[in-house]
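Have a look at the model first.

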Amino acid sequence: MSGSYFELLGLPERFDLARPAIEAAYLDRTREVHPDRFATAAASERVAALQRSMQLNDAYQTLRQPVRRAEYLLNRHGVFIGDNERLDDAAFLMEILELREELAEARVAGKLDEVARLQAEMRRRHRGLLDALIPLFAAVEGDDAAGRADALPRVKRTLIELRYLARYLEECDAALDDEEA
Amino acid sequence: MLMQIAEPGESQIKEACRKRVVGIDLGTTNSLVAHVVDGTPTVITGGDATAGDDAALVPSIVHYGADGVVVGHRAAELAAEHPRDTIVSVKRFVGRGLRDLASQRALLPYELAPDDGRMVRFVVGAGDARREITPVEVSADILRAVAARATAAVGGAIEGVVITVPAYFDDAQRQATRDAGRLAGLEVLRLLAEPTAAALAYGLDRGSRGLYAVYDLGGGTFDVSILKLVDGVFEVRATGGDSALGGDDLDRAIAAHLLAEAGVTIDLAADTEAGAAAGAALAQRRLARRAVTAARAVKERLTDADEALFTLSLADGRAIERRVTRAELAALARPLLDRTGRACRRVLKDAELDAGELDGVILVGGSTRSPVVRAYVAELFGREPLCDLDPDQVVALGAAVQAEVLGGGEQQVVLLDVIPLSLGIEMMGGVVEKLIHRNSTIPCGASQTFTTYADNQTGFDIHVLQGERETVEGCRSLARFVLRGIPPAVAGMARAEITFMIDADGILRVTAREQVSGVEASIEVKPSYGLTDEEIEQMLLDSFDHAEDDLQRRNLQIERVEAERILAATRAAIDGDDGLLTDDVRAATEAAIVELRRLAAGDDHLAIRAGVEALDLASKPFAQARMNRVIEAAMRGRTVDDVDHSLAHVHPGDHDHDHDPDHDHAHEPPDGR
Ligand SMILES: Nc1ncnc2c1ncn2[C@@H]1O[C@H](COP(=O)(O)OP(=O)(O)OP(=O)(O)O)[C@@H](O)[C@H]1O
Ligand SMILES: [Mg+2]
């Protein structure tokens, strides 16, 4: 069984999916094939159940998070993002760099309010980019070949930007954890 | 609500396969065993009131004396007199090396064998009887005692157990626990996370739905888990904790504080049992043990009283007598509680929740009896916690339910647990690349491809680590192995695919495969602090009187029972089948059945096992077809319309993970108290 994650969960292959629907699809299936239900079965059945459960878990882990779902879809369209792929956009990089410095200063000065403010702002921005993926994917998934060719690189770009933002948000978390430690 | 529509033949399979099973809470301080009687999980008590053995709790204490091994209440009575030979709280040493204990050495009255890079070893006995013993063996002695009381209660040999472990136990600690079960001669059906077990007992008892946090502070470990309960599915969303934080630490903090105040120092450095120093060393050990025991008594009394008296007689005839108030206890507990608070905040963040979104907080573990702890938890989560099930017993009760599920019983619940700590491998420059992230639902797997970095490199050094840090030093080293025999090539040409698989016990298996030549290496990661299979086999042999014979008989018995079970299950599956079996699969399966019947009548246990495997192999296509049909049958009549919502309404929230504000909390809050 080597269908796509969407097939495994019985979901339509597209970006715009609601979290509760993904959860429900996963729970319905996992409930049926969970290894515990085959604990006293023959080994071949136990193995089959284990494998199917693992596939379902992998699928769920990937599809439930919009960013991972988007990257997975992008890969299915033959476009990949390298581990250290950088954005060729000086203005964007500059801006992130400045924001990071601002964060670092707030952190060093122990200004947690300021860190929290920067974090909230970045979260908003992160959310905005995720929303922007919806129409882009609509084009990718549409019938218009030209529209698709145009949208794919933009999806990729958006996902790379999201990586920068995610890293920034991790730094915010780390800064807020300082106080904890 | 948990009814499922039975597959054809499923009920016959169930009946044929039913096992005699129990759940065991192997606690740091106390162990319990429970089983399901007429659908109700019930704790098994001992029968002997004179030995204090009629209680549900068996103290997890083992005494190694001249006349043999003593476990439980009677061992507890010997603890003060024989501190070195009476092991308490062994769980804190399981799967650990000497180096791990640095921070907890204070007031430990044991003689520990010198560090040889392996698991901690206690030295017990004197003269000819002097020997080293591992925490796995001590745990096995506790399990044996607990299983013995269960055998009497369930009316026959135990055929399978579920043993609980702290959710935050890492791979080494889980493996050591499973090894202890094996060593005790038990078939370990599953290792189950303690907070998950508690939630199971709670959820079934109350019919609860929604999001719950379980705060489990026991004698030696702290866990916090967040679970979502819906219709018989218990889904762990995130887990966190500290596997070396519990009531024991508070006891030691109290003792250390009061000793320091009185100007008393205890010197446990004299780790020798020989000559003149022996007497002095024993006296020091006794004092340490009594001080900690007295501190614990004071702590427990402060649960009901505002003040309690700490008394400790010293060697020079003096005595410490000191009134301790609850406020003082609160102050001493604060640093420990703050550590639990940090873990709770992190776990909420991992689950993408605010405390206010929870439907309840469940208290588990003896330490949560203390009002100091309760007040802290109430403030932390902004609500009164639930504690109407006995916090000592819920874990064992949940383990019994899960044992029943795995033993083929009627109960239809599904537990979806997670791995508590990320797993990865070492990369160039001492950086850890994570293959599986913490809080991934188990069972799960992941693989990644790596390339050679030097010309003519003929091996891949694979170092497996567990933990959250990015560097090797910040993580726990689980195992190292080498993938050899790679044909020499230019750097970057050879590629190794490394695959991690985590089973439902949360235990890791790693395989590595060189992709060009196909060279393969597979290991069940035996942690650096684990025991080898040979060591366990030897210990098992040692524990039988007429070792070889007994072991033979036992193995034969086990394989025969297994063969019977498989034969019955396969027969029922074939009879209930409607058209999934192709003719050749049917012929092969029938032939394998005949052969296994023949083998099971003989007395070669290895041959029987081979027969079981052959039958499995023959019926494999059938099994897979059945699996597909199970899903199809369940999904029939549903459409994908259910999924046709727009993401725009369900806002993907904070950073990388999304957050769904209307996750269906089907609110049915338990009539809380
Ligand atoms: N009334 C009480 N007040 C305060 N603490 C108590 C009380 N009763 C028991 N304890 C503490 O609870 C701890 C034991 O709890 P419990 O039996 O739940 O632990 P355990 O399950 O053996 O340990 P773990 O789960 O960490 O492996 C001990 O530290 C004990 O001192
Ligand atoms: Mg416990």
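## Around ligand 1

Of the 19 residues around ligand 1, those that come nearest are B:T28, B:T29, B:K91, B:E300 and B:T303, where "around" is taken as having a heavy atom within 4 Å. Bear in mind that this is a predicted model, where local features need pLDDT of at least 70, side-chain atom pairs count only at pLDDT 80 or more, and totals for chains, interfaces and linings use all residues. Residues are numbered from 1 along each chain as its sequence is written, chains are lettered from A and ligands numbered from 1 in the order written, and side-chain values use heavy atoms, leaving out hydrogens and water.

Here are the polar contacts (N or O atom pairs within 3.5 Å):

| Residue | Protein atom | Ligand 1 atom | Distance |
|---|---|---|---|
| B:N30 | polar backbone atom | oxygen | 2.9 Å |
| B:T303 | polar side-chain atom | nitrogen | 2.5 Å |
| B:S367 | polar backbone atom | oxygen | 3.1 Å |

On its own, ligand 1 has 650 Å² of accessible area, and the protein covers 91% of that (Shrake-Rupley, 1.4 Å probe).

What's the shell made of? It splits into 13 polar residues, 6 charged and no nonpolar, with Asp, Glu, Lys and Arg counted as charged and Gly among the polar ones. Helix α7 (residues 277-301) of chain B gives the largest share, 3 residues; helices here are DSSP H or I runs of at least four residues, and strands are E runs of at least two.

Domain 1 (19-246 + 332-416) and domain 2 (247-331) of chain B both contribute to the shell, so ligand 1 lies between them.

B:I442 and B:P443 are joined by a cis peptide bond, with omega about 0°. B:P443 is in the loop between β20 (431-436) and β21 (444-451) of chain B. Then there's B:S89, not a glycine, yet with a positive phi near 50°; B:S89 is in the loop between β7 (86-88) and β8 (122-124) of chain B.

Notes
A polar contact is a pair of N or O atoms within 3.5 Å; within protein, one must be able to donate a hydrogen and the other to accept it, and residues adjacent in sequence count only if both atoms are side-chain atoms. Domain bounds come from an automatic or database domain assignment.
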